[in-house]
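Please consult the sequence and the structure shown below while reading.

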Amino acid sequence: MEFKEKELAALLKLGASMSTADGNIDENEIKFMEREIHNFNLDLVTLHKIIEDSKTLEPIEAITIMAKMLDEQKKYMCGFLATLMSIDGKLDENEIKLWKLVCSLTNTPTMNILEAIDFWTNN
């Protein structure tokens, strides 16, 4: 899956929001996000820029960026977030609400959490 730098920054921003939605930042969630961003094989300068950009993005800016992506990218993003929220072995009500809100605001094609995780896993 291909993403522009600003899209990856938005993905990280939304990931950070998802990891705090249940009031608990799990170490496995942080490791998961680190692994995911490294999977894009970015050079070190670009990687640091994306991380810094994600810290300064407002959540609504991240949503706006994601809403402009292709449907396949949106499905990947929702699958990434669904996988992230399930990393700790439980689905918190606030995480689910945030996931549904993000998917709705970005006009992501309709899918449930398991379908989203499956899409992310296979793409």
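In which helix is the place of valine 102? Valine 102 has its place in helix α6. The model discussed here is a predicted one.

Beyond its neighbours within four places in sequence, valine 102 is in contact with Leu14, Ile63, Met77 and Leu81. Valine 102 and methionine 18 are separated by 84 residues in sequence, and their C-alpha atoms lie 9.9 Å apart in space.

Helix α6 also contains a charged pair. The side chains of lysine 97 and glutamate 93 meet in a salt bridge, with an N to O distance of 3.0 Å. These two residues are four apart in helix α6, so about one helical turn separates them. Glutamate 93 counts as exposed because its relative accessibility is 53%.

## Helix α2 and its buried face

Helix α2 comprises residues 27-38. At 1.5 Å a residue, its 12 residues should span 16 Å, and its end C-alpha atoms are 17 Å apart, which agrees. The buried residues of α2 are Glu29, Phe32, Met33, Glu36 and Ile37. Seen down the helix axis, the buried residues of α2 fall within an arc of 125°, so they line one face of the helix.

The buried residues of α2 pack against α1, α3 (44-56), α5 (71-86), α6 (93-105) and α7 (113-121). At the start of α2, the backbone nitrogen of asparagine 28 has a side-chain oxygen of aspartate 26 within 2.7 Å.

## Helix α7 and phenylalanine 119

The buried residues of α7 are Ile113, Ala116, Ile117, Phe119 and Trp120. They cover an arc of only 160° around the axis, which puts them on the same side of α7. The exposed residues Leu114 and Thr121 are carried by the face of α7 turned away from its buried side. The buried residues of α7 pack against α2, α5 and α6. At the start of α7, a side-chain oxygen of asparagine 112 comes to within 3.0 Å of the backbone nitrogen of leucine 114.

Phenylalanine 119 lies in helix α7. Phenylalanine 119 is buried because its relative accessible area is 12%, which falls under the 20% limit. Leaving aside neighbours within four places in sequence, phenylalanine 119 is in contact with Met1, Glu72, Lys75 and Tyr76. Phenylalanine 119 and glycine 79 are 40 residues apart in sequence, whereas their C-alpha atoms are 6.2 Å apart in space.

How many salt bridges does a search of the whole structure find? The search finds four. One of the salt bridges joins the side chains of aspartate 53 and lysine 49, at 2.8 Å from N to O. Aspartate 53 and lysine 49 are four residues apart in helix α3, so about one helical turn lies between them. Aspartate 53 is partly exposed because its relative accessibility is 28%, and lysine 49 is partly exposed with a relative accessible area of 43%.

Two contacts of phenylalanine 119, Glu72 and Lys75, also form a salt bridge, and their closest N and O atoms are 3.6 Å apart. Lysine 75 and glutamate 72 are three residues apart in helix α5, so they too are separated by about one helical turn. Glutamate 72 counts as partly exposed because its relative accessibility is 39%.

## Lysine 13, a buried charge without a salt bridge

Lysine 13 lies in helix α1, which covers residues 5-20. Lysine 13 is buried yet has no salt bridge. Which side chain of opposite charge is nearest to lysine 13? The nearest is glutamate 58, at a distance of 6.3 Å.

Terms used. Residues numbered from 1 in each chain as written. Predicted model: local features only at pLDDT ≥ 70, side-chain atom pairs only at ≥ 80, totals over all residues. Heavy atoms only, no water. Buried < 20%, exposed > 50% of the residue type's maximum accessible area, 1.4 Å probe, protein only. Lys, Arg positive; Asp, Glu negative; His and termini not counted. Expected span 1.5 Å × (residues − 1). Arc of directions from axis to C-beta. Contact = heavy atoms within 4.5 Å. Polar contact = N/O pair within 3.5 Å; in protein donor to acceptor, adjacent residues only side chain to side chain.
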